[in-house]
Amino acid sequence: MSADHLPETIPGLVSRAADRFGAGEALVDEAERLSFTELAALSERAARALTASGITKGDRVAIWAPNCREWVIAALGIFAAGGVLVPINTRFKGAEARYVLERADAQMLFTVTDFLDTDYAALLRAEPEVATLRDVVDLRGAEFTELLGRGDTNQTALPVVSGDDLCSILFTSG
């Protein structure tokens, strides 16, 4: 690929940025600074973890959490695994989040239990079960670390993602 041609996919852009900017800062949050190379490696690790957890190309994976490095790593991993990201507004209550999860046929949910005194997992547990939802993972808990660990041992090839593949489903509030 020539330098003036951008990749057609988000995983391709992550890889290109790692090649071009390597040790430069890609992501800075209150807890950590990640280089482009580190972010690409963590994104691939997350993608491998998702595939090891049964996520296949086209599966919908939701994130109901505030902006944080784990959100970015999970989202980039979803894209690299061929999944479809379904972001959920952090202002939604349990019934609203359940609606989104159900309508999107989400297989997995990344969330948090400690944002602005809100436990999103508890809000969802108070609602009727979402039939398609297999896993709920706390991005800031041991569950996320454990999930990422699955990516260390999964050496299966990641699916080929093209620019024509669906990558995100957005539900608006209006």
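Helix axes are lines fitted to C-alpha atoms over the stretch in contact, and the angles between N-to-C directions run from 0 to 180 degrees. Two packed helices are described by the angle between their axes and the distance between the axes. The structure is a predicted model, in which local features need pLDDT of at least 70 and side-chain atom pairs count only at pLDDT 80 or more, whereas totals for chains, interfaces and linings use all residues. Residues are numbered from 1 along each chain as its sequence is written, and side-chain values use heavy atoms, with hydrogens and water left out.

Helices (H or I, at least four residues) and strands (E, at least two) are DSSP runs numbered from the N terminus. The axes of helix α1 (residues 10-21) and helix α3 (residues 69-80) come within 8 Å and cross at roughly 115°. In this contact (heavy atoms within 4.5 Å), Ile-10, Pro-11 and Val-14 of α1 meet Leu-76, Phe-79 and Ala-80 of α3. These residues divide into 6 nonpolar, no polar and no charged, where Ala, Val, Leu, Ile, Met, Phe, Trp, Tyr, Cys and Pro count as nonpolar, Asp, Glu, Lys and Arg as charged, and the others, Gly among them, as polar.

Burial is expressed by relative accessible area, with buried meaning under 20%, exposed over 50% and partly exposed in between (1.4 Å probe, protein chains only). In helix α4 (residues 94-104), the buried residues are Gly-94, Ala-97, Arg-98, Val-100, Leu-101 and Ala-104. Because these residues cover an arc of only 160° around the axis, they lie on the same side of α4, the arc being that of the directions from the helix axis to the C-beta atoms. Their cover includes β3 (60-64), β4 (84-87), β5 (106-111) and α5 (120-125). After α4 comes Asp-105, whose phi is positive, near 60°.

Arg-48, which is found in helix α2 (residues 36-52), counts as buried because its relative accessibility is 12%. Leaving aside neighbours within four places in sequence, Arg-48 is in contact with Gly-151, Asn-154, Gln-155, Thr-156, Ala-157 and Leu-158.

Strands pair if DSSP finds at least two bridges between them. Strand β1 (residues 25-28) and strand β2 (residues 33-35) run antiparallel and are joined by 3 bridges, with Leu-27 opposite Leu-34 in β2, and a hairpin of 4 residues joins β1 to β2.

The structure holds 0 disulfides, a disulfide being a pair of cysteine sulfur atoms within 2.5 Å. The sulfur of Cys-68 is 19 Å from the closest cysteine sulfur, in Cys-167, and is therefore too far for a bond. Cys-68 is buried, with a relative accessible area of 10%, whereas Cys-167 counts as partly exposed at 34% relative accessibility.
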